[in-house]
There are 2 protein chains.
Amino acid sequence: MRTIIECVPNVSEGRDTRSIEAITAAVRSTPGVRLLDVSSDASHNRSVLTFVGDAPAIRAGVSALFRAALERIDLRRHEGEHPRMGAVDVVPFIPVRGSSVDECVALSREAGAAIAKDFGVPVYLYEDSATSELRSNLAEIRKGQFEGFAEKMKDPRWAPDFGPAEPHPSAGVVAVGARDFLIAYNIDLATKDLAIADRIAKAIRHLSGGFRYVKAMGVELAERGIVQVSINMTNFKKTPLHRVFECVRSEAERHGVAIVGSEIVGLSPAEALYAAAEHYLRLEGFSAEQVLETKLLDE
Amino acid sequence: MRTIIECVPNVSEGRDTRSIEAITAAVRSTPGVRLLDVSSDASHNRSVLTFVGDAPAIRAGVSALFRAALERIDLRRHEGEHPRMGAVDVVPFIPVRGSSVDECVALSREAGAAIAKDFGVPVYLYEDSATSELRSNLAEIRKGQFEGFAEKMKDPRWAPDFGPAEPHPSAGVVAVGARDFLIAYNIDLATKDLAIADRIAKAIRHLSGGFRYVKAMGVELAERGIVQVSINMTNFKKTPLHRVFECVRSEAERHGVAIVGSEIVGLSPAEALYAAAEHYLRLEGFSAEQVLETKLLDE
């Protein structure tokens with residue numbers, strides 16, 4: 001099976017199209033890397049790149065990204081609505097096919113060490129790569145933002161995992177880490193009552209006793225006159241879509257409310273959809289290798 | 001979207017590994033063609049190749065196949081359990097991605113004309129490419145087999161669509177045509193009573209009043225002590241898996257019988273599985289373009 005790791009770096013430039021193009025071109029022209037998506041947000045002044053490849057290609061892509069971003073982004077002159085601490089702010093590695101989170105943790109360490117060495121940027125390992133509980137949460141690391149980091153790093157608890165003890169003058173610091181693929185999944189309910197969506201969100205989310213890999217909240221869709229359970233599935237292999245869907249259905253029924261529909265926002269791995277088909281069709285002995293498109297990818 | 005047409009030719013050689021290897025090598029080395037599978041059956045003395053590509057690549061692959069097969073197969077010395085009429089017996093074209101049955105019908109006409117011209121083999125267009133009702137059924141065309149074809153072709157109703165009015169001395173004739181992707185799908189029932197599987201097969205199959213694109217029969221799985229509804233889904237887009245599954249479930253329930261599981265035999269396009277996930281999760285606005293693997297194929 002061909003290895004596919006996804007990398008979704010966030011860079012602190014979402015306005016200057018020439019800079020964005022130069023940064024994306026650096027990634028696109030890295031051998032073995034496929035750039036799948038670039039989305040820039042002007043009010044956030046931030047761009048998110050999505051690219052895939054095997055581990056060596058991803059390492060080279062990240063290096064090319066840093067080189068181009070550091071040439072063009074100076075955080076001393078950066079403003080935007082989204083909190084940020086680095087010119088390249090965060091670099092997540094996600095196993096998609098033929099790779100595990102553990103392999104992506106190893107990759108994040110190698111990439112982190114290389115970033116520190118080649119570019120002099122302090123690196124914090126986060127999420128599944130974190131070296132302490134505190135650092136697993138990106139928001140914790142990012143607190144204080146670029147402007148506060150020189151002060152923050154004086155605290156020995158915030159010594160970086162790789163690189164110098166002070167932020168890079170123009171590029172700040174970066175968080176690098178492995179995480180599972182995140183699926184944004186919404187379920188719409190045939191009611192205007194936000195309290196019901198909230199109660200169901202509470203029932204399914206990990207924080208309040210629900211599924212381990214579910215984050216959820218109730219959202220009002222005023223223009224459609226309905227409410228929604230808005231969900232982040234942080235590990236669709238261990239907490240699959242269909243299990244959450246059936247749980248929401250059962251909880252909604254208890255309130256006399258039907259499910260209008262559901263929605264996958266953005267990208268999903270094929271496997272998440274195969275799992276739902278497998279469940280409902282009670283497929284026995286099914287393997288993704290039986291899917292024609294899988295065979296084509298493996299060629 | 002990248003065009004993928006599948007071609008699944010059956011050739012009348014399933015014993016001599018050197019000949020089989022020469023024929024598959026000819027296909028494999030055709031630029032733009034990807035050979036996905038070869039399965040040979042010694043008792044049938046027949047091999048089935050599965051390869052994919054866009055229309056020009058498939059045309060070239062078929063031409064390479066004929067050249068190699070005609071050099072190595074002489075039907076005058078061929079015996080095997082499977083009925084056959086040609087060294088290359090049948091060449092179906094199947095739209096998989098970014099192509100329609102109509103485009104595959106056009107491709108079958110071009111390929112058929114080229115086979116007749118380049119190799120002097122009479123060509124019968126069959127299935128969706130058929131020029132008469134009688135010829136849409138491959139079994140009708142094949143009747144009489146290689147040994148009976150010289151006689152059969154004297155009947156003007158059996159004049160070929162392309163090529164000479166007599167069979168090729170060593171290679172016979174060939175059927176070429178477009179058809180939809182066929183999914184072999186079995187549903188297992190928690191009963192030993194074959195009559196129930198037969199009754200359900202009858203309920204779902206086109207022949208006796210069921211779904212238009214379903215062929216089905218009851219089968220006993222003696223070693224497991226259960227029975228099975230064995231199904232050929234001849235157009236999974238118009239008659240989807242989940243609709244047949246739910247119909248079988250409802251019919252089985254009426255006999256007090258549960259579904260043990262189901263099974264896809266061999267290959268399936270990803271779309272057939274996405275459709276089941278879409279149905280049961282009530283997905284709104286879902287597109288295969290949201291699947292990461294689709295993006296990789298489209299690169």
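These questions and answers walk through a predicted model.

Reader: What is the order of the strands in the open sheet of four strands in chain A?
Author: The pairing in this sheet is antiparallel. Neighbouring strands are turned by 20 degrees against each other on average, direction ignored. The order in chain A is β9-β10-β8-β11.

Reader: Which strands of chain A stand at the edges of the sheet?
Author: An edge strand here has a single partner strand, so one side of it is left without a neighbour in the sheet.

Reader: Which residue of β11(A) is the bridge partner of A:Asn186?
Author: Strand β8 of chain A spans residues 183–189. It pairs with β11(A) in the antiparallel sense, over six bridges. In β11(A), the partner of A:Asn186 is A:Glu263.

Reader: Which helix of chain A packs on the sheet?
Author: The helix touches β8, β9, β10 and β11 of chain A. Its direction makes about 25 degrees with that of β8(A). It covers residues 241–254 and is α8.

Reader: How are the two copies related?
Author: Chain B superposes on chain A with an RMSD of 0.1 Å. The rotation is 180 degrees, with 0.0 Å of shift along its axis. The copies are thus related as by a two-fold rotation axis.

Reader: Which residue of chain B comes closest to the rotation axis?
Author: The distance is taken at the C-alpha. It is 2.4 Å, and the residue is B:Ala277.

Reader: What percentage of the interface residues of chain B are also interface residues in chain A?
Author: The copies meet through the same surface.

Conventions:
Residues are numbered from 1 along each chain as its sequence is written. Chains are lettered from A and ligands numbered from 1 in the order in which they are written. This is a predicted model: local features need pLDDT of at least 70, side-chain atom pairs count only at pLDDT 80 or more; totals for chains, interfaces and linings use all residues. Side-chain values use heavy atoms; hydrogens and water are left out. Two strands pair if DSSP finds at least two bridges between them. Helices (H or I, at least four residues) and strands (E, at least two) are DSSP runs, numbered from the N terminus. Axes are lines fitted to C-alpha atoms, for helices over the stretch in contact, and angles run from 0 to 180 degrees between N-to-C directions. Contact means heavy atoms within 4.5 Å. Copies are superposed by least squares on the C-alpha atoms of residues with pLDDT of at least 70 in both.
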